[in-house]
Amino acid sequence: MPTEPQASVNTQVFEIYIKASPQAIWEAITSPEWNAKYGYQGPMHFELRPGGRFQTRANADMQRMGLPEVIIDGEVLESVAPRRLVHTYRWLFTEESKREGFTKVTYEIEQTPAGFSRLPGREVELAGLRGRAGVHRRRDVPRLPRAHAARLGVDAPGRRSGDA
């Protein structure tokens, strides 16, 4: 009798410090005008309320390559501006990527006495199959890239670590 695949949990944790206010960081994460400048360069749209929709839309180049209009979807679980954002996401590139399920991302933005904001983040794969070789997710999705962080005045190095 065949056995069902076992669900697994994979958690990635990172922490960076940014010389910017929590509000500036919040805007960089949640504003499509800002967030479309980094990552996959598709604008991310958040309905900033529990149960709200999260989507990343394909830019013109992506659509010319045949990707759907919405390339990532999910749900906002928590939204406390400018301190905490929790949402899920899943890739919509192919039917197989849809079946991989959702990942939960948590952003917590904390002002430090030194004038920096601390941004610890956590990404938890909610649906994955143990032993599936070759299935990898990008683990830097919630991390602000250097070019974008530079716009916010970053001059402290970030730290990133993972635990399974």
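1. Strand 3 (residues 53–57) and strand 4 run antiparallel and are joined by 5 bridges. Two strands are said to pair if DSSP finds at least two bridges between them. Strands (E, at least two residues) and helices (H or I, at least four) are DSSP runs, numbered from the N terminus. Within this pairing, Phe-54 has Gly-74 of strand 4 as its bridge partner.

2. On the basis of these coordinates: this is a predicted model, in which local features need pLDDT of at least 70 and side-chain atom pairs count only at pLDDT 80 or more, while totals for chains, interfaces and linings use all residues. Residues are numbered from 1 along each chain as its sequence is written, and side-chain values use heavy atoms, with hydrogens and water left out.

3. Strand 4 also pairs with strand 5, in the antiparallel sense and over 6 bridges. Here the bridge partner of Ile-72 is Trp-91 in strand 5. A hairpin through 3 residues joins strand 4 to strand 5. Pro-82 is found in the loop between these two strands, and the peptide bond that joins Ala-81 and Pro-82 is cis, with omega at about -15°.

4. The structure holds 3 aromatic pairs; rings of Phe, Tyr and Trp (its six-membered ring) pair if their centres lie within 6.5 Å, and planes under 30 degrees apart count as stacked, over 60 as edge-to-face and the rest as tilted. One of the pairs is Tyr-89 with Trp-91, edge-to-face at 5.7 Å centre to centre and 80° between the planes. The rings of Trp-91 and Phe-93 have their centres 5.3 Å apart and their planes at 20°, so this pair is stacked. Tyr-89, Trp-91 and Phe-93 form one aromatic cluster.

5. Tyr-89 is buried at 2% relative accessibility, and Trp-91 is buried at 6%. Phe-93 is partly exposed, at 32%.

6. The largest nonpolar core has 22 residues, of which Ile-25, Leu-85 and Leu-119 touch the most other members. A nonpolar core is a set of buried Ala, Val, Leu, Ile, Met, Phe, Trp, Tyr and Cys residues joined through side-chain atoms within 4.5 Å. At least two residues of this core come from each of strand 1, helix 1 (22–30), strand 2 (44–46), strand 4 (70–80), strand 5 (84–91) and strand 6 (103–108). In soluble globular proteins, nonpolar side chains tend to be buried together.

7. How many salt bridges does the structure hold? There are 10 salt bridges, each defined as a side-chain nitrogen of Lys or Arg within 4 Å of a carboxyl oxygen of Asp or Glu. One of them links Glu-15 and Arg-118, with the closest N and O atoms 2.6 Å apart. Glu-15 lies in strand 1 (residues 10–18) and Arg-118 in strand 8 (residues 117–125), so the pair ties together parts that are 103 residues apart in sequence. Glu-15 is buried, at 10% relative accessibility, whereas Arg-118 is partly exposed at 22%. Glu-15 and Arg-118 are linked with Glu-110 in a network of salt bridges.

8. Two further salt bridges can be listed. Arg-84 meets Glu-78 at 2.7 Å, N to O; Arg-84 is partly exposed at 24% relative accessibility, and Glu-78 is partly exposed at 32%. Lys-98 meets Glu-95 at 3.1 Å, N to O. Lys-98 and Glu-95 are 3 residues apart in helix 4 (residues 95–99), which puts about one helical turn between them. Lys-98 is partly exposed, at 30%.

9. Another lysine is placed against an aromatic ring. The charged end of Lys-37 sits over the ring of Trp-34, 5.1 Å from its centre. The criterion is NZ of Lys or CZ of Arg within 6 Å of the ring centre and within 35 degrees of the ring normal.

10. Pro-50 is in the loop between strand 2 and strand 3 and is exposed, with a relative accessible area of 57%. Leaving aside neighbours within four places in sequence, Pro-50 is in contact (heavy atoms within 4.5 Å) with Val-76 and Leu-77. Pro-50 and His-87 are 37 residues apart in sequence and 8.9 Å apart in space, C-alpha to C-alpha.

Conventions:
Buried < 20%, exposed > 50% of the residue type's maximum accessible area, 1.4 Å probe, protein only.
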